[in-house]
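Colleague: Please pick one part of this model and take a close look at it. Then place that part against the rest of the chain, with the cut-offs as you go.

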Amino acid sequence: MNCQELHAVLYEFVGGELAAETHLSVEQHIESCTHCGVYVETYRSTVTMTRSLPKPGAVPPGMEVKLKKMLSELGNV
């Protein structure tokens with residue numbers, strides 16, 4: 001496992017979705033690569049903090065139409 005390969009499976013690793021062999025490869029890599037170890041922990045912290053944010057409420061009436069119009073005028077839609 002190298003850094004680029006770890007980055008490709010990071011989401012699945014943090015979510016506990018990797019096969020045991022790949023999971024072990026990631027664990028071994030982050031034990032030997034300080035950069036990736038910090039990267040994984042930062043990613044985990046970000047996911048944890050994001051999940052703890054309050055869920056957004058419903059969009060006020062008319063707001064979606066206004067936002068789409070503004071984005072369209074900016075040429076982003």
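Modeller: I start with helix α4 and then turn to the other helices.

First, the ground rules. The model is predicted, so local features need pLDDT of at least 70 and side-chain atom pairs count only at pLDDT 80 or more, while totals for chains, interfaces and linings use all residues. Residues are numbered from 1 along each chain as its sequence is written, and side-chain values use heavy atoms, with hydrogens and water left out.

Helix α4 covers residues 63-74. Helices here are DSSP runs of H or I, at least four residues long, numbered from the N terminus. The length checks out: at 1.5 Å a residue, the 12 residues of α4 should span 16 Å, and the end C-alpha atoms are 17 Å apart, which agrees. The expected span is 1.5 Å times one less than the number of residues. Just after α4, G75 takes a positive phi of about 85°.

What covers α4? Hardly anything: the count of buried residues among its 12 residues is zero. Buried means under 20% relative accessible area, exposed over 50%, and partly exposed in between, with a 1.4 Å probe and protein chains only.

A salt bridge is a side-chain nitrogen of Lys or Arg within 4 Å of a carboxyl oxygen of Asp or Glu. E64 pairs with K68, and the closest N and O atoms are 3.2 Å apart. E64 is partly exposed, with a relative accessible area of 47%. K69 pairs with E73 at 3.8 Å, N to O. Both E73 and K69 are exposed. E64 and K68 are four residues apart in α4, about one turn of the helix. E73 and K69 are also four residues apart in α4, again about one turn. An α-helix has 3.6 residues a turn, so residues three or four places apart point the same way.

There is a nonpolar side to the story too. V59, M63, L67 and M70 form a nonpolar surface patch, with about 370 Å² of accessible area together. Patch members have over 30% relative accessible area and no salt bridge; like charges are joined within 9 Å, and nonpolar side chains (Val, Leu, Ile, Met, Phe, Trp, Tyr) within 5 Å. The areas come from the Shrake-Rupley method with a 1.4 Å probe, and for residues only the protein chains shown count as cover. M70, one of the patch residues, lies in α4.

Now the rest of the chain. The count of salt bridges comes to three. One of them joins E41 and R44, at 2.7 Å from N to O. E41 and R44 are three residues apart in helix α3, and therefore separated by about one helical turn. E41 is partly exposed at 41% relative accessibility, and R44 is partly exposed at 28%.

R44 also meets F13. Leaving aside neighbours within four places in sequence, F13 is in contact with L18, H23, V26, E27, I30, V40 and R44. Contact means heavy atoms within 4.5 Å. F13 lies in helix α1, residues 3-14. At 2% relative accessibility, F13 counts as buried. F13 and H23 are 10 residues apart in sequence, and their C-alpha atoms are 6.5 Å apart.

Y43 lies in helix α3, residues 34-52. Y43 is partly exposed, with a relative accessible area of 27%.

H29 is in helix α2, residues 20-32. H29 is buried, at 9% relative accessible area. Not counting residues up to four places away in sequence, H29 touches M1, N2, C3, L6 and C36.

That list includes two cysteines, C3 and C36. Why is there no bond between them? The sulfur of C3 is 3.5 Å from that of C36, its closest cysteine sulfur, and this is too far for a bond. A disulfide is a pair of cysteine sulfur atoms within 2.5 Å. The structure holds zero disulfides. C3 is partly exposed at 31% relative accessibility, whereas C36 is buried at 0%.

Technical notes. Helices (H or I, at least four residues) and strands (E, at least two) are DSSP runs, numbered from the N terminus.
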